[in-house]
Amino acid sequence: MNNSVNLLRPRAWLPLAALLLAACSSQPEQPPATDDGYDRETAGGRYSMRKDMAPGEMPDMSHVKDAVPRFEPYSRQGNKDYNVWGQDYQVWRDVQNYKDEGMASWYGAKFHGYHTSNGEVYDMFTMTAAHKNLPLPSFVRVTNTANGKQVIVRVNDRGPFHDGRIIDMSYAAAWRLGMLDKGTAPVKVELIKMAPSKEDVRLAEQGPGRHIQLLATRSGDRARDLATRLSREYGFPARVEHQSDWYKLQMGPIPVTQTDDILSRLIAEGYEQAYFLN
């Protein structure tokens, strides 16, 4: 079902596949079609909340670490030029250097659990962000110039679509930057560009199917135990690549018709940093 109408949320552009998933799930009762405010704030009923908010109970986020920059091929979703509220936006597919200063905002419970622009599930307790133009995914360093606090986040969504704002931070990233109370903060954003390794190039040249890296750990025993279990559970080869002090758990090749579903399952099972190697 790839022919659904493309609806857009106020802070992040959503791919057709994500919208279709929403159409298959329960939705709040729709108000009269003349309620333009409701339609705009909920993307035509896509979201149950009209206004964004913090989670009902503040969890302990002291364990949340910066995203780890790495080479990731750009996703098949979320990297086409698009239009929001009558405004055209261009994706910077070949960007090598990017620095900007402006205002950052954050987005939370309203979008938590919904799909981001590149097809992943938004988790407001991880270190991610939304940007209007950077290719997805990208890694950026964000500095709150008012207090000097700094984070590294993985950009996997589109937004913010409000005048004067250059980046939308996840709830966890906003907490680390000390900007939750005010809602916005002056920031400096710097792209962290990662080149592919020899292993990335080798996998990309192997042919049909895609490969996923689930995690990197210093425990070879843990990585090998997980590889055995995941191979049995998912039915695809899982292996451990040993590089320096790190053991990288990888799965594949996976047929391209199943890769998005497999990646979503892995992220939902706790492998939040899982990503496509090719």
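Q: What is the lining of the largest pocket made of, by class?
A: The lining has 18 nonpolar, nine polar and ten charged residues. Ala, Val, Leu, Ile, Met, Phe, Trp, Tyr, Cys and Pro count as nonpolar, Asp, Glu, Lys and Arg as charged, and the others, Gly among them, as polar. The model is predicted: local features need pLDDT of at least 70 and side-chain atom pairs count only at pLDDT 80 or more, while totals for chains, interfaces and linings use all residues. Residues are numbered from 1 along each chain as its sequence is written, and side-chain values use heavy atoms, without hydrogens and water.

Q: What is the volume of the largest pocket, and what makes a pocket something other than a cavity?
A: The volume is about 970 Å³, taken as the space filled by probe spheres set on grid points joined across faces, edges and corners. On a 1 Å grid over the protein atoms alone, a cavity is a set of points where a 1.4 Å probe fits but cannot get out, whereas a pocket is an open set with protein on both sides within 12 Å along at least five of seven lines.

Q: Which residues are closest to the centre of the largest pocket?
A: There are 37 lining residues (an atom within 4 Å of a point). The closest to the centre are Val-68, Arg-70, Leu-215, Ala-216 and Gln-273. Helix 4 (198-204), strand 9 (210-217) and strand 11 (246-254) are the elements that give two or more residues to this lining. Strand 9 gives the most, with five residues.

Q: How many helices and strands does the protein have?
A: There are six helices and twelve strands. Both are DSSP runs numbered from the N terminus: helices are H or I of at least four residues, strands E of at least two.

Q: Why do strand 4 and strand 6 count as a pair?
A: A pair needs at least two bridges found by DSSP, and strand 4 (residues 128-130) and strand 6 (residues 150-157) have three, so they pair, in the parallel sense. In this pairing, Ala-129 stands opposite Val-155 in strand 6. Both strands belong to a closed barrel of six strands, which runs 3-7-4-6-5-8 with mixed pairing. Its neighbouring strands are turned by 45° against each other on average, direction ignored.

Q: Why is Met-169 called buried?
A: Its relative accessible area is 0%, and buried means under 20% (exposed is over 50%, partly exposed in between; 1.4 Å probe, protein chains only), so Met-169 is buried. Met-169 lies in strand 7 (residues 165-170).

Q: Is Asn-156 buried or exposed, and what makes it so?
A: Asn-156, in strand 6, is at 2% relative accessibility and therefore counts as buried. Its contacts, leaving aside neighbours within four places in sequence, include Thr-116, Glu-120 and Ala-129.

Q: Which omega value goes with the cis peptide bond between Gly-159 and Pro-160?
A: Omega is about -5° there, and Pro-160 is in the loop between strand 6 and strand 7.

Notes. Axes are lines fitted to C-alpha atoms, for helices over the stretch in contact, and angles run from 0 to 180 degrees between N-to-C directions. Contact means heavy atoms within 4.5 Å.
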